[in-house]
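Biologist: I am new to this structure. Please take me through how its features are read, one at a time.

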Amino acid sequence: ALADTPPSDHANSAICTQRIPAVLARIDKLTGRINGDASVKGSTAWLRAKADQARSAGYPALADLLTARAGERPGRLDELAKLRSDVQHVQSTDCAT
């Protein structure tokens with residue numbers, strides 16, 4: 001029974017039609033969040049604003065933690081850019097119709 005089924009076509013597989021577009025959308029969402037302004041929860045600017053609020057409220061340890069997290073965000077953007085290019089490479093080579 002299984003031997004009689006034809007091999008699946010990569011271009012039409014769930015990886016190409018569902019998973020890769022979902023991963024690319026998630027990368028775009030994370031990139032947008034990181035690059036957002038101070039009103040976007042989780043953005044670099046939001047973390048810096050929260051650090052400033054914590055420092056002025058007398059919580060230097062929390063402010064230092066938030067500042068450190070904000071400092072790591074540019075590295076996350078580099079990781080996301082590399083991941084995006086890797087996923088697009090797989091999409092263009094394995095999912096081409």
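**Reading the chain**

Modeller: About 7,000 Å² of the chain is accessible surface, and carbon and sulfur atoms hold 56% of that. Such areas come from the Shrake-Rupley method with a 1.4 Å probe, and for residues only the protein chains shown count as cover. This is a predicted model: local features need pLDDT of at least 70 and side-chain atom pairs count only at pLDDT 80 or more, while totals for chains, interfaces and linings use all residues. Residues are numbered from 1 along each chain as its sequence is written, and side-chain values use heavy atoms, with hydrogens and water left out.

Biologist: How many helices and strands are there in the chain?

Modeller: Helices (H or I, at least four residues) and strands (E, at least two) are DSSP runs, numbered from the N terminus. Here the chain has three helices and zero strands, in the pattern α-α-α along the sequence.

Biologist: What share of the residues of the chain count as buried?

Modeller: Buried means under 20% relative accessible area, exposed means over 50%, and partly exposed is in between (1.4 Å probe, protein chains only). Of the 97 residues, 22% count as buried.

Biologist: Is Ala51 buried or exposed?

Modeller: Ala51, in helix H2 (residues 44–56), is buried because its relative accessible area is 2%. Contact means heavy atoms within 4.5 Å. Not counting residues up to four places away in sequence, Ala51 touches Ala63, Leu66 and Thr67. Between Ala51 and Ala68, 17 residues apart in sequence, the C-alpha to C-alpha distance is 9.5 Å.

Biologist: Which residues does Thr44 touch, not counting residues up to four places away in sequence?

Modeller: Under that limit Thr44 touches Ile34, Ala70 and Arg73. Thr44 is also found in helix H2, and at 11% relative accessibility it counts as buried.

Biologist: Where does Ser13 lie?

Modeller: Ser13 is in the segment before H1. It counts as buried, at 16% relative accessibility. For the chain, among contacts between residues at least 6 apart in sequence, 51% join residues at least 24 apart.

Biologist: Which residues make up the largest nonpolar core?

Modeller: A nonpolar core is a set of buried Ala, Val, Leu, Ile, Met, Phe, Trp, Tyr and Cys residues joined through side-chain atoms within 4.5 Å. The largest one here has five residues: Cys16, Ile20, Leu24, Val87 and Cys95. Helix H1 (residues 14–35) gives the most to this core, three residues. Leaving aside neighbours within four places in sequence, Val87 is in contact with Ile20, Val23 and Leu24.

Biologist: Which residues line the largest pocket?

Modeller: Rolling a probe the size of a water molecule over the atoms shows where empty space is left. On a 1 Å grid over the protein atoms alone, where a 1.4 Å probe fits, a pocket is an open set of points with protein on both sides within 12 Å along at least five of seven lines; lining residues have an atom within 4 Å of a point. The lining here consists of Leu30, Arg33, Ile34, Arg69, Glu72, Arg73, Arg76, Glu79 and Leu80. H1 and helix H3 (60–94) are the elements that give two or more residues to this lining, and the largest share, six residues, comes from H3.

Biologist: Is Arg76 buried, partly exposed or exposed?

Modeller: Arg76, in helix H3, counts as partly exposed, at 44% relative accessibility. Arg76 and Ile34 are 42 residues apart in sequence and 8.6 Å apart in space, C-alpha to C-alpha.
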